[in-house]
Amino acid sequence: MTTEYFDSIGSTNDYLKEKSNKGILEAKDAVIALSQTKGRGRLNRSFESPHGGVYISFCYGNIRGKEKEILSVMPSVAAVVSMFIKNKLGIDT
């Protein structure tokens with residue numbers, strides 16, 4: 001698992017897709033940014049991603065047929081966010 005941190009990025013999701021296209025994406029990779037210039041959500045809708053937020057994309061491999069199991073990812077998400085806040089922002093959660 002690799003976690004990469006950016007002050008600003010176009011899109012955390014696009015970054016992971018680019019890594020995938022280069023064949024260097026691993027399951028459980030994560031990208032965290034404090035702002036995005038091209039943030040987007042469901043159905044490719046753009047949204048504001050101003051500095052001061054925490055924007056995250058994760059790769060957990062192929063989840064087809066395992067959609068219900070994806071809920072088990074939430075503890076991992078919480079752990080990564082907590083580590084980021086503590087290590088990068090200096091705030092003990």
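How many salt bridges does the structure hold? The structure, a predicted model, holds 3 salt bridges. The points below take up the fold, these pairs, the pocket and the surface.

1. Overall architecture. The chain comprises 2 helices and 3 strands. Read from the N terminus, its elements follow the order β-α-β-β-α. Of the 93 residues in the chain, 26% are buried.

2. The pair Lys19 and Glu4. A salt bridge joins the side chains of Lys19 and Glu4, with an N to O distance of 2.9 Å.

3. Asp29 counts as buried because its relative accessibility is 1%. Through shared partners, the salt bridges unite Glu4, Lys19 and Asp29 in one network.

4. The pair Glu18 and Lys22. What is the N to O distance in the salt bridge between Glu18 and Lys22? The side chains of these residues, Glu18 and Lys22, meet at 3.3 Å. Glu18 is partly exposed, at a relative accessible area of 42%. Lys22 shows 58% relative accessibility and so counts as exposed, for which the cut-off is over 50%.

5. The largest pocket. The largest pocket contains about 240 Å³ of space. Its lining consists of Asn13, Leu16, Lys17, Leu25, Ile56, Ser57, Phe58 and Cys59. Which elements each supply at least two residues of this lining? They are α1 (12-21) and β3 (55-58). By residue class, the lining of the largest pocket divides into 5 nonpolar, 2 polar and 1 charged.

6. The nonpolar surface patch. Val54, Leu89 and Ile91 form a nonpolar surface patch of about 230 Å². Ile91 is located in the segment after α2 (74-89). With a relative accessible area of 46%, Ile91 is partly exposed.

7. The start of the chain. Is Met1 buried or exposed? Met1 counts as exposed because its relative accessibility is 58%. Met1 sits in the segment before β1. The C-alpha atom of Met1 is separated by 9.8 Å from that of Tyr60, although the two residues are 59 residues apart along the chain.

8. In viewing the model, the reader may wish to begin with the network of Glu4, Lys19 and Asp29. The largest pocket, with Phe58 and Leu16 among its lining residues, and the nonpolar patch of Val54, Leu89 and Ile91 may then be examined in turn.

Terms used: Residues are numbered from 1 along each chain as its sequence is written. This is a predicted model: local features need pLDDT of at least 70, side-chain atom pairs count only at pLDDT 80 or more; totals for chains, interfaces and linings use all residues. Side-chain values use heavy atoms; hydrogens and water are left out. On a 1 Å grid over the protein atoms alone, a cavity is a set of points where a 1.4 Å probe fits but cannot get out, and a pocket is an open set with protein on both sides within 12 Å along at least five of seven lines; lining residues have an atom within 4 Å of a point. Grid points are joined across faces, edges and corners, and a volume is the space filled by probe spheres set on the points. Helices (H or I, at least four residues) and strands (E, at least two) are DSSP runs, numbered from the N terminus. Ala, Val, Leu, Ile, Met, Phe, Trp, Tyr, Cys and Pro count as nonpolar, Asp, Glu, Lys and Arg as charged, and the others, Gly among them, as polar. A salt bridge is a side-chain nitrogen of Lys or Arg within 4 Å of a carboxyl oxygen of Asp or Glu. Buried means under 20% relative accessible area, exposed over 50%, partly exposed in between (1.4 Å probe, protein chains only). Patches are made of residues with over 30% relative accessible area and no salt bridge: like charges are joined within 9 Å, nonpolar side chains (Val, Leu, Ile, Met, Phe, Trp, Tyr) within 5 Å. Accessible areas come from the Shrake-Rupley method with a 1.4 Å probe; for residues, only the protein chains shown count as cover.
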